[in-house]
Amino acid sequence: MNDFFEIVRLEDKHLASVAELEALCFAHPWTAEGLKTLTGEGGVGFAAVDERGKVISYAGMVIAADTGDITDVATHPDFRRRGISRCVMEELLRYAREKGLISVALDVRVSNSGAIALYEGLGFSIAGKRPRFYRTPPEDAYVMIKQL
Ligand SMILES: CC(C)(COP(=O)(O)OP(=O)(O)OC[C@H]1O[C@@H](n2cnc3c(N)ncnc32)[C@H](O)[C@@H]1OP(=O)(O)O)[C@@H](O)C(=O)NCCC(=O)NCCS
């Protein structure tokens, strides 16, 4: 397995591949249709793609006024712990700064220590908790925010 990947802005042509990644990573995955939120007005995403254009990692965000909400972040299980999500998220945060957003927020399962470490490393802090936010399995969410 080689380590080639390129970070690109998410386009409609990537959405089927992102939906496959979602199905691998989440109990309630976004479908390709639902993911169109990220390529239309008010949405944005960045992806790491391999040499064949397959998405191996991505992060999406919806923008309302001057804040961004991260919708999902995922890396293919075969490519984890290589800094790929960090690269994708840094690109998303660079975009958020360029657009003049004042903050970016996300929800994460309280047990998801790997993702929490990723977000803390990027400057996000835990701002609150949403009780029983998730299903399958039921769990609280931390709300994490990064001021830009
Ligand atoms: C969480 C997830 C997106 C991380 O993707 P990744 O590409 O492996 O992350 P990176 O390699 O960029 O990690 C960057 C840093 O985050 C932290 N981190 C990431 N995964 C970690 C783990 N499993 N355990 C501990 N720390 C972790 C580390 O600090 C890591 O730096 P290091 O490897 O130099 O120690 C990936 O594990 C995943 O897709 N999980 C399933 C879906 C998910 O839970 N998404 C988040 C929903 S909120």
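1. Burial is defined by a neighbour count: a residue is buried if 20 or more other C-beta atoms lie within 10 Å of its own, exposed if 12 or fewer, and partly exposed in between, with C-beta atoms placed from the backbone. A141 has 18 other C-beta atoms within 10 Å and is therefore partly exposed. The residue lies in strand β7.

2. The structure is a predicted model, in which local features need pLDDT of at least 70 and side-chain atom pairs count only at pLDDT 80 or more, while totals for chains, interfaces and linings use all residues. Residues are numbered from 1 along each chain as its sequence is written.

3. The protein holds 3 helices and 7 strands, where helices (H or I, at least four residues) and strands (E, at least two) are DSSP runs numbered from the N terminus. Along the sequence the pattern is β-α-β-β-β-α-β-α-β-β.

4. On overall dimensions, the radius of gyration (taken over C-alpha atoms) is compared with a globule rule of 2.2 Å times the number of residues to the power 0.38. A compact globule of 148 residues would have a value near 15 Å, and the protein, with 15 Å, agrees. Its C-alpha atoms fill a box of roughly 40 × 35 × 30 Å along the principal axes. Of the 148 residues, 30% are buried.

5. The strands form an open sheet of 7 in the order β1-β2-β3-β4-β5-β7-β6, with mixed pairing; two strands pair if DSSP finds at least two bridges between them. β1 (6-9) and β6 (125-134) stand at the edges with a single partner strand each, so one side of each lacks a neighbour in the sheet. Neighbouring strands are turned by 25° against each other on average, direction ignored; axes are lines fitted to C-alpha atoms, for helices over the stretch in contact, and angles run from 0 to 180 degrees between N-to-C directions.

6. Strand β3 (residues 55-64) pairs with β4 in the antiparallel sense over 8 bridges. Within β4, D72 is the bridge partner of G60, and V73 stands opposite A59. The two strands, β3 and β4, form a hairpin with 2 residues between them, and A65 in the turn has a positive phi of about 50°.

7. With β5, β4 pairs in the parallel sense over 3 bridges; the partner of D69 in β5 is A105. Because 7 of the 9 residues of β4 are buried, this strand is largely enclosed by the rest of the structure.

8. Contacts are counted when C-beta atoms, placed from the backbone, lie within 7 Å. Of the contacts with a separation of 6 or more, 58% join residues 24 or more positions apart. A141 touches D107, V108, R109, V110, K129, R130, F133 and Y134, not counting residues up to four places away in sequence. The C-alpha atoms of A141 and L106, 35 residues apart along the chain, are separated by 9.4 Å.

9. Which residues are closest to the ligand? T75, R80, S85, G114 and L118 are the closest of the 19 residues that surround the ligand, a residue being near a molecule if its C-beta atom, placed from the backbone, lies within 6 Å of it. β4 (67-75), α2 (84-98) and α3 (113-121) are the elements that give two or more residues to this shell. The largest share, 5 residues, comes from α3.

Definitions and conventions:
Contact = placed C-beta atoms within 7 Å.
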